[in-house]
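Subject: A structure for you to explore

Hello! Here is the structure I promised to pass on to you. Have a look at it first, and then read my notes below.

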Amino acid sequence: MVQKAKILLVDDRPENLLALEAILSALDQTLVRAASGEEALKALLTDDFAVILLDVQMPGMDGFETAAHIKRRERTRDIPIIFLTAINHGPHHTFRGYAAGAVDYISKPFDPWVLRAKVSVFVDLYMKNCQLKEQAALLRLQLEEDSRIGRESAEPLLAELSARLASVEEQAEALTKQLDDSPEAGAAATAAHLERKLAGLRAALEALRPGADRT
């Protein structure tokens, strides 16, 4: 059973959270509400999220301050943040959003289809990263087993790992091609990072094969 990705929705207005849930429900992922920056930071202490939709104008800790806290934490610094705002103070205000670490900055009212499509890209990238972590864990186990039983007897498992990795590589390549013409710089950068991880994992896997030079 494929585990669903979690999407964090941060807004101090319940009606806005309800609207976001209605828009994103079609993605069939787990939507988590936070009514303030403080609530969002608390949720991020225990759960992993594919993407954060963060309202800029909130009482107390606003979106910019919340994003700054998120980016300072090692556990959460790489989670994509999409800022949502009901006001538009021009390029300077938008630049502040990107400077705070956002991958996108969307003014309300926004097109529901566009928002859903943007979130979907980051959910896909998150799923690929999860698959990559699973393959890396299997490789670590195989390295330990390989040292005990020898390479030849480990070959069937290596073949299975290679096939699983090939599936992830194929999906990542398709996603990267999909993003080639996309204006989403954050998504393209995340996809490139994923491809680098896959290349490293493939090299490690090939090094385990019988006859490979480990020096």
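**What I found: the aromatic cluster**

F83 counts as buried, because its relative accessibility is 0%. Please keep in mind as you read that this is a predicted model.

The rings of F83 and Y105 have centres 6.1 Å apart and planes at 70°, so this pair is edge-to-face. F83 belongs to strand 4 and Y105 to strand 5, so the pair ties together parts that are 22 residues apart in sequence. Y105 is buried too, with a relative accessible area of 9%; the cut-off for buried is under 20%.

How many aromatic pairs does the structure hold? There are 2 aromatic pairs. F64 and F83 form one that is edge-to-face, with 5.3 Å from centre to centre and 70° between the planes. F64 sits in helix 3 (residues 63-72) and F83 in strand 4 (residues 81-85), so this pair ties together parts that are 19 residues apart in sequence. F64 has a relative accessible area of 6%, so F64 is buried. Taken together, ring pairs link F64, F83 and Y105 into a cluster.

**Salt bridges**

Next come the charged side chains. Side chains of opposite charge can pair when their charged atoms come close. The structure holds 8 salt bridges, and here are some to look up.

Start with D28 and K4, which form a salt bridge whose closest N and O atoms are 3.0 Å apart. D28 is in the loop between helix 1 and strand 2, while K4 is in the segment before strand 1, so the pair ties together parts that are 24 residues apart in sequence. D28 is partly exposed, with a relative accessible area of 46%, and K4 is partly exposed at 40%.

Then find K6 and D47, whose side chains meet in a salt bridge (3.0 Å, N to O). This pair links distant parts of the chain: K6 is in strand 1, and D47 is in the loop between helix 2 (37-46) and strand 3 (51-55), 41 residues apart. K6 counts as partly exposed, with 25% relative accessibility, and D47 is partly exposed with a relative accessible area of 25%.

Now for D55 and K108: their salt bridge has its closest N and O atoms 3.2 Å apart. Here too distant parts of the chain are linked, with D55 in strand 3 and K108 in the loop between strand 5 and helix 5 (112-149), 53 residues apart. Are these two residues buried or partly exposed? D55 is buried, with a relative accessible area of 4%, whereas K108 is partly exposed at 21%.

**Strands and one more contact**

Strand 1 (residues 6-10) pairs with strand 2 (residues 30-34) in the parallel sense, over 5 bridges. Within this pairing, V10 stands opposite A34 in strand 2. With helix 1 (residues 14-24), strand 1 and strand 2 make a right-handed β-α-β unit.

Last, visit D104, which is found in strand 5 (residues 104-107). D104 is buried, with a relative accessible area of 7%. A polar contact of 2.8 Å joins the side chains of D104 and K118.

Enjoy exploring!

Conventions
Residues are numbered from 1 along each chain as its sequence is written. This is a predicted model: local features need pLDDT of at least 70, side-chain atom pairs count only at pLDDT 80 or more; totals for chains, interfaces and linings use all residues. Side-chain values use heavy atoms; hydrogens and water are left out. Two strands pair if DSSP finds at least two bridges between them. Helices (H or I, at least four residues) and strands (E, at least two) are DSSP runs, numbered from the N terminus. A crossover is right-handed if, with the strands pointing away from the viewer, the path from the first strand over the helix to the second runs clockwise. Buried means under 20% relative accessible area, exposed over 50%, partly exposed in between (1.4 Å probe, protein chains only). A polar contact is a pair of N or O atoms within 3.5 Å; within protein, one must be able to donate a hydrogen and the other to accept it, and residues adjacent in sequence count only if both atoms are side-chain atoms. Rings of Phe, Tyr and Trp (its six-membered ring) pair if their centres lie within 6.5 Å; planes under 30 degrees apart count as stacked, over 60 as edge-to-face and the rest as tilted. A salt bridge is a side-chain nitrogen of Lys or Arg within 4 Å of a carboxyl oxygen of Asp or Glu.
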